Amino acid sequence: MISQTEHAGNFQALHKKGDPVILFNVWDAGSAAVVAKAGARAIATGSAPVAMANGFGDGEKMPLELALQNIQRIINAVDLPVTMDIEGGYGVSPQEVAVTISKVLDTGAIGFNFEDQIVGGEGLHAPDVQRGRIEAARAVCEQKGINAFVNARTDIFLKAKPDTHNEAMLVDAIERAHAYEKAGASGFFVPGLLDEALIGKMCQSTSLPVNIIALPNAPSNARLAELGVARISYGPVPYRQMAQWLGEQAQAALNGA
């Protein structure tokens with residue numbers, strides 16, 4: 001059985017610009033086991049699929065304790081590094097974030113997505129505010145002796161339609177990447193960014209491994225690798241595809257097909 005510390009080191013090593021780690025996001029122990037058997041080198045949850053699979057909406061609607069129980073079952077089901085989507089940290093203050101991170105690490109998780117949008121509110125936390133929150137998260141990791149992967153997420157692009165994405169937004173994202181790196185982030189997650197030119201510039205402008213979601217209209221994984229992406233995740237896409245298939249199968253059965 002590989003230790004949490006070893007899993008953390010292995011997961012860090014998977015992030016290589018131009019040779020991205022693929023994370024096909026799961027939502028429970030069963031889906032994690034299936035993805036692990038398919039050849040995954042690491043397991044990642046997505047907050048939306050986890051919430052939906054448990055009857056909740058996204059946006060920290062699912063109680064933290066239930067989410068922690070879920071990640072624990074996932075960790076028990078696979079002998080791979082497991083990273084958890086904790087949304088905004090289930091709290092605004094650095095102190096609240098620290099408590100959440102401590103609980104996450106106690107499950108055996110070796111990383112987490114941590115976003116800068118104001119959950120339940122409007123807009124994004126100011127860079128200095130989010131920097132303090134990331135610093136608190138990193139401090140807990142150091143206290144526990146786990147070099148956890150802090151995947152700092154910005155929702156700049158996710159909150160805007162793709163055809164409005166521009167250089168000014170990229171400059172904002174780059175500034176946040178630099179601030180988050182200084183605060184102790186391990187990677188930089190820019191969900192919703194689809195434009196190849198902007199993705200390439202983003203990867204060139206930070207030493208942090210850049211994470212892109214493989215949405216249906218995103219560049220291919222091979223192209224993302226060429227652009228310098230180091231991590232490709234699938235977010236809610238697998239769950240939605242599964243739910244669509246399940247609905248179609250149920251409809252066919254119930255209609256006597």
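A crossing of two helices is right-handed if the near helix is turned clockwise from the far one by less than a right angle, and left-handed if anticlockwise. With that in mind, α7 passes α8 in a right-handed crossing. Please remember that this is a predicted model.

**Helix α6 and its surroundings**
- Helix α6 covers residues 127-144, and its 18 residues should span 26 Å at 1.5 Å a residue, which agrees with the 26 Å between its end C-alpha atoms.
- Buried residues of α6 are Q130, R133, I134, A136, A137, R138, V140 and C141.
- These buried residues pack against α5 (94-106), β4 (111-115), β5 (149-153) and α7 (167-183).
- Just after α6 comes G145, with a positive phi of about 70°.

**Where α5 meets α6**
- The axes of α5 and α6 lie 8 Å apart, at an angle of about 40°.
- That angle makes α5 oblique to α6.
- α5 and α6 cross in a right-handed way.
- From α5, the contact uses P94, V97, A98, I101, S102, L105 and D106, while α6 brings G132, R133, A136, A137, V140, C141 and K144.
- By class, this contact of α5 with α6 holds nine nonpolar, two polar and three charged residues.

**Where α7 meets α8**
- α7 packs with helix α8 (residues 196-204) at an angle of about 25°, and their axes are 10 Å apart.
- Because angles under 35 degrees count as roughly parallel, α7 is roughly parallel to α8.
- E167, L170, A173, I174 and A177 of α7 make the contact with L198, K201 and M202 of α8.
- Six residues of the contact of α7 with α8 are nonpolar and two are charged, with no polar ones.

Terms used: Residues are numbered from 1 along each chain as its sequence is written. This is a predicted model: local features need pLDDT of at least 70, side-chain atom pairs count only at pLDDT 80 or more; totals for chains, interfaces and linings use all residues. Side-chain values use heavy atoms; hydrogens and water are left out. Helices (H or I, at least four residues) and strands (E, at least two) are DSSP runs, numbered from the N terminus. The expected span of a helix is 1.5 Å times one less than its number of residues. Buried means under 20% relative accessible area, exposed over 50%, partly exposed in between (1.4 Å probe, protein chains only). Contact means heavy atoms within 4.5 Å. Axes are lines fitted to C-alpha atoms, for helices over the stretch in contact, and angles run from 0 to 180 degrees between N-to-C directions. Angles under 35 degrees count as roughly parallel, over 145 as roughly antiparallel, 65 to 115 as roughly perpendicular and the rest as oblique. Ala, Val, Leu, Ile, Met, Phe, Trp, Tyr, Cys and Pro count as nonpolar, Asp, Glu, Lys and Arg as charged, and the others, Gly among them, as polar.
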